Amino acid sequence: MFRSAGAAVLFAAAIALAAGSVVPAQSRIKVLLVTGQSNRYHNWEVSSPIVKRLLEDSGRFAVTVTTTPPKGAEPNQDMSSFAPKFSEYQAVVLDYEGFEFAPPVKQAFVDYVKNGGGLVVLHAADNAFPGWPEYNEMIGVGGWGGFTPGYASRTQAAGPKIRWRDGAMVLDNDTPGTAQHPSPHDFLITVRAPEHPIMKGLPSAWMHANDELYSNLRGPAKNVTVLATATAPTSMPNGTGENEPLLMAISYGKGRVFHDALGHVGATQKEPIVPMNSVDYVVLLQRGTEWAATGAVTIPVPPDFPTAEKTSIR
């Protein structure tokens with residue numbers, strides 16, 4: 001359902017006011033958006049400006065963008081010049097899948113989250129750092145990982161797949177299968193943790209617009225709360241027929257992690273990006289980042305949120 005540009009602007013302004021988002025700059029949640037590299041299937045130069053804009057449009061966040069050195073050809077690229085001060089921010093949003101950070105930065109990142117820093121892991125970052133055990137624990141489960149030699153994707157050695165069966169989360173350690181997804185399409189998302197602050201007040205199910213449905217993700221799967229799942233039938237190429245976890249909350253030490261596998265941006269795509277303009281994506285990004293940073297959610301559910309019958313795109 002497409003809306004006029006003028007109506008969208010007016011609606012966004014109304015929501016900003018409703019959210020109490022005329023907030024002094026010094027009171028906004030400080031967020032660090034980490035980006036700068038993508039694999040050949042994604043495009044951080046398109047996705048990251050959208051993420052920054054959507055967060056700032058809420059009026060709740062002050063976003064600083066930090067980019068890594070550009071992707072090089074060597075598997076052991078020098079990343080020593082990239083050394084952000086994670087501790088200066090309430091949440092880190094990761095829109096990145098590239099070479100590993102330098103060892104001191106990796107340790108600083110682990111310490112930041114373990115000591116209570118918030119982390120938001122977006123679609124592409126689902127595939128980052130397959131050989132980094134602490135990161136894999138932070139994100140629960142992940143997908144591919146072609147930047148790390150020997151890791152085309154996370155195999156059974158990485159850990160189980162998460163399944164939702166008979167009303168509960170199940171860990172599947174036994175069946176083979178690595179990450180896959182059907183072609184982008186509209187699909188139904190079903191809430192599995194309706195009382196979680198990120199999900200509270202959302203409809204029990206809604207249609208998400210024209211996105212990749214990540215499937216067969218693997219990892220340690222520790223301290224994971226499955227927030228929502230979606231299913232692609234086996235009649236669809238690369239459909240598993242399983243309730244795949246697409247939204248997750250993970251505890252890592254004192255830190256809160258929001259893992260959001262939605263929001264694909266292809267390597268050659270340009271704006272508008274339909275799945276990132278899907279109202280549910282906007283709302284979940286904002287609410288998930290607020291929760292990761294503070295443990296609470298104040299951003300309201302807007303009236304144009306999609307329904308179980310219809311997508312909603314701004």
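Tryptophan 132 is buried, with a relative accessible area of 2%, where buried means under 20%, exposed over 50% and partly exposed in between, for a 1.4 Å probe and protein chains only. The model is predicted, so that local features need pLDDT of at least 70 and side-chain atom pairs count only at pLDDT 80 or more, while totals for chains, interfaces and linings use all residues. Residues are numbered from 1 along each chain as its sequence is written, and side-chain values use heavy atoms, with hydrogens and water left out.

The structure holds 14 aromatic pairs, defined as rings of Phe, Tyr and Trp (its six-membered ring) with centres within 6.5 Å; planes under 30 degrees apart count as stacked, over 60 as edge-to-face and the rest as tilted. The rings of tyrosine 96 and phenylalanine 129 have centres 5.8 Å apart and planes at 35 degrees, so this pair is tilted. Tyrosine 96 lies in the loop between β3 (91-94) and α3 (103-114), and phenylalanine 129 in the loop between β4 (118-122) and α4 (133-139); the pair thus links distant parts of the chain, 33 residues apart. Helices (H or I, at least four residues) and strands (E, at least two) are DSSP runs, numbered from the N terminus. Tyrosine 96 is buried at 0% relative accessible area, and phenylalanine 129 is buried at 1%. Phenylalanine 129 also pairs with tryptophan 132 in an edge-to-face arrangement, 5.0 Å centre to centre with 70 degrees between the planes.

Lysine 106 lies over the face of tryptophan 132, at 5.0 Å from the ring centre; the criterion is NZ of Lys or CZ of Arg within 6 Å of the ring centre and within 35 degrees of the ring normal. Lysine 30 is placed over the face of tyrosine 89, at 5.5 Å from the ring centre.

The axes of helix α2 (residues 44-57) and helix α6 (residues 279-294) come within 9 Å and cross at roughly 70 degrees. Helix α2 is therefore roughly perpendicular to α6. In this contact (heavy atoms within 4.5 Å), Val51, Leu54 and Leu55 of α2 meet Tyr281, Val282, Leu285, Gln286 and Thr289 of α6.

Glutamate 290 also lies in helix α6 and is buried, at 0% relative accessibility. Beyond its neighbours within four places in sequence, glutamate 290 has contacts that include Ile29, Arg60 and Phe61.

Definitions and conventions:
Axes are lines fitted to C-alpha atoms, for helices over the stretch in contact, and angles run from 0 to 180 degrees between N-to-C directions. Angles under 35 degrees count as roughly parallel, over 145 as roughly antiparallel, 65 to 115 as roughly perpendicular and the rest as oblique.
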